[in-house]
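Let's take a walk through this fold together, starting with a pair of strands and ending up in the core.

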Amino acid sequence: MGTAISLDLADDLPGARLDELAEQVFGWLREVDRRFSTFMSDSEVSRFDRGELLLSQASADLRATLERCADLWGDTDGFFDAYATGRFDPSGYVKGWSAQVASDRLLAAGAPNHCVNAGGDVRVRGHSSGGEPWRVGIQDPWDPTRVALVLTGTDLAVATSGVYERGHHVIDPRRGTPARGLRSVTVVGTDLGTADAYATAALAMGQAGVGWLGRLAGHEWAVVTDDRRTPRSDRLPVVD
């Protein structure tokens, strides 16, 4: 998926079982990459975008992704737009969704204490191997050697969208130009696919994204603006 994936399994299970669970997680994420990559010309997403794959021929996962992206477009006043770049690119949802599915499968498989980190989109459940709630660091968008915030919890979906690694890659769909105004957006909820899409949408909104996040029910958030302001929600699970 064009990003690094890490996995921390904190349950006291036999080594062979932990290896098996890890391989299942990475096997799933490799499958998602093969099917949803916008960089591979023969991926399902690329074939669908070119019109070589009809909706009726698409996998259940791709059809569900199309439906979810349409719902998220409505939820975000059109700022989460899988077609913002001029082609079908659901990456702003798929990365978080795939990590959420991996976490759900670990929970169902009897591994309730884990951390799945898909390039900064993080799903944590239970406790770390030390028995403490998980701690999730949010990178300082102005200094890659520092963290701006540390979040803590036992059931968190933490998605961050920013311009500090890939530049201004998120498009404002109303103007058709790279979004400006926000340096990074972090959204915290319980579903990582949704949190990922909301973070992308808020970044696309620019400065108006701060007000939109303030009205967003069921999620906490933190923002770093281009002028270095750091607004955040009152109930953000932050370690001070």
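Ala157 sits opposite Gly189, a residue of E9. Strand E6 (residues 155-162) and strand E9 (residues 182-189) run antiparallel to each other, paired over 6 bridges; two strands count as paired if DSSP finds at least two bridges between them. This is a predicted model, where local features need pLDDT of at least 70 and side-chain atom pairs count only at pLDDT 80 or more, while totals for chains, interfaces and linings use all residues. Residues are numbered from 1 along each chain as its sequence is written, and side-chain values use heavy atoms, leaving out hydrogens and water.

Now step back to the sheet: it's open, with 6 strands in the order E1-E2-E3-E6-E9-E10 and antiparallel pairing. Strands E1 (5-9) and E10 (220-225) stand at the edges with a single partner strand each, so one side of each has no neighbour in the sheet. Strands (E, at least two residues) and helices (H or I, at least four) are DSSP runs, numbered from the N terminus.

On to the core. The largest nonpolar core has 51 residues, and Leu62, Trp97, Val185 and Leu213 have the most contacts inside it. Such a core is a set of buried (under 20% relative accessible area, 1.4 Å probe, protein chains only) Ala, Val, Leu, Ile, Met, Phe, Trp, Tyr and Cys residues joined through side-chain atoms within 4.5 Å. Helix H5 (residues 192-205) gives the most to this core, with 10 residues. Not counting residues up to four places away in sequence, Leu213 touches Val185, Val187, Ala202, Trp221 and Val223, with contact meaning heavy atoms within 4.5 Å.

Note on methods. Buried < 20%, exposed > 50% of the residue type's maximum accessible area, 1.4 Å probe, protein only.
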